[in-house]
Amino acid sequence: DARHALAILSAARFGWPLKRMISIGVTGTKGKTTTTHMIRAILEAAGKKVGMIGTTGAMIGDEVHPTKNTTPESYELQEYFSKMADAGCDYVVMEVSSQGIKMRRTDGILFDYGIFTNISPDHIGPDEHKDFEEYLYYKSRIFQMAKTGLYNKDDGHWAEIVKDAACPLYSFGTGEADFSASDIRHVAEPGFVGMEFNVTGNGRAIDVKLGMPGLFNVHNALAAAALAGIMGISEEAVKKGLRTVSVNGRMEIVHSSERCTVIVDYAHNAVSMESLLKTLRAYEPKRLVCVFGCGGNRSKDRRYSMGRIGGQLADLCIITADNSRFAKTEDIIADIRSALEPTGGAFIEIPDRKEAIEYSIQHAQPGDMIAVIGKGHEDYQEINGVRTHFLDREAIEEAVRKYCNSSA
């Protein structure tokens, strides 16, 4: 098998660099990116140097290298491991995609710790997995390639994931588990929007204040806290890491004050948009304002479904441009409007995305929560095949300086 050979030869070519670091692999349909960032934040709070590989690129200290795939090709992967080890990294934490496992990019790797977050039907099609059974099979392989495993016991498929495990396992969840979260509370106050909960397991109990909103982020944080407990990382590092963690474009709180809270998220389809808006509703904002558009040259169904969800769940929608590509922005907005109008939801149209973001902050009412969604960490706008620099966070920060008295 040439792909298997490439993986083994690549590891040998770079001198088996993973042997010089403690390695952590995270797999799951959702939560991989956030969980790896949380683990990194905890380890760095403990004074460790951490390398990270995933959707947001390969990070070595302050260096960020863009990656084509969530789990890069085996040669590229081993090269990054080597650079991390040479840079003095104590740990490497990475996202392990099912496609990466299937394509043998991770062959020859034995993680010190493997984590399973959750699984739901996704990545099924001609170029990915033929069916859910195959998808689940490759997700379960994480426990064939780790010395110690952690799994989410709240996931409905956990028994199938762990049945062929070849390593000792620990569970985490909100019910009976080796590491459990309880007394979960949504917290929204000037300067902080997130979650509070208690973590018990491995003989210790920690009161956690998580600087990211949403119950699903409690599960991600619980995975990171459980790993820290197994590894013997201090309670103080767990608290500090989870309190300050931030993931670019993933439930990223860019501004929080008495005037308003502004969040950037990558939600770019109806399912993720609905989940996001329902999560933010739990904080009981005065108004929930959603700034969004839809990408061009993609299924029109996305425009209709997102328009419908926005009209049903937001108090005000500001329809604007996303990556229009070769489609006309006004046509995309018209399609969104056609599905939003019948819901009776309030909306306005501002095609220029920067102006739309500025309007949302200029006209914010005390207690508003504003969600700017669709682009997340993307730092460009693509129109007629041309990409120009644009980052939602920068546009928000500029508007905050202009209209809010407190700092972003």
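This is a predicted model: local features need pLDDT of at least 70, side-chain atom pairs count only at pLDDT 80 or more; totals for chains, interfaces and linings use all residues.
The structure contains five aromatic pairs. Start by selecting Phe14 and Tyr75.

Now colour by secondary structure. Phe14 sits in the loop between helix 1 (2-13) and strand 1 (22-27), while Tyr75 belongs to helix 3 (residues 74-86). The pair therefore ties together parts that are 61 residues apart in sequence.

Buried or exposed: what is Phe14? Phe14 counts as buried, at 14% relative accessibility. Tyr75 has 35% and counts as partly exposed.

Arg13 lies over the face of the Phe14 ring, 4.8 Å from the ring centre.

**Stop two: Tyr137 and Tyr138**

Select Tyr137 and Tyr138. Their ring centres are 5.0 Å apart and the planes stand at 80 degrees, so this pair is edge-to-face. Check the surface here. Tyr137 is partly exposed, with a relative accessible area of 39%. Tyr138 is buried, at 19%; the cut-off for buried is under 20%.

**Stop three: Lys153 and Trp158**

Move to Trp158 and show Lys153. The charged end of Lys153 sits over the Trp158 ring, at 5.6 Å from the ring centre.

Switch to cartoon. Which strand order does the open sheet follow? Its six strands run 12-13-17-14-15-16, with mixed pairing. Strand 12 (252-256) and strand 16 (347-349) are the edges, each pairing on one side only. On average, neighbouring strands in this sheet are turned by 15 degrees against each other, direction ignored.

Zoom in on strand 13 (residues 260-265) and strand 17 (residues 368-373). These two strands pair in the parallel sense, over six bridges.

Select helix 10 (residues 301-313). Helix 10 lies across strand 14 (288-292), strand 15 (316-319) and strand 17. Its direction is about 160 degrees to strand 14.

Finish with helix 13 (residues 392-403). Which strands does helix 13 lie across? They are strand 12, strand 13 and strand 17. Helix 13 runs at about 5 degrees to strand 12. Show both helices with strand 17: helix 10 lies across this strand, and so does helix 13.

Technical notes:
Residues are numbered from 1 along each chain as its sequence is written. Side-chain values use heavy atoms; hydrogens and water are left out. Rings of Phe, Tyr and Trp (its six-membered ring) pair if their centres lie within 6.5 Å; planes under 30 degrees apart count as stacked, over 60 as edge-to-face and the rest as tilted. Helices (H or I, at least four residues) and strands (E, at least two) are DSSP runs, numbered from the N terminus. Buried means under 20% relative accessible area, exposed over 50%, partly exposed in between (1.4 Å probe, protein chains only). A charge sits over a ring if NZ of Lys or CZ of Arg is within 6 Å of the ring centre and within 35 degrees of the ring normal. Two strands pair if DSSP finds at least two bridges between them. Axes are lines fitted to C-alpha atoms, for helices over the stretch in contact, and angles run from 0 to 180 degrees between N-to-C directions. Contact means heavy atoms within 4.5 Å.
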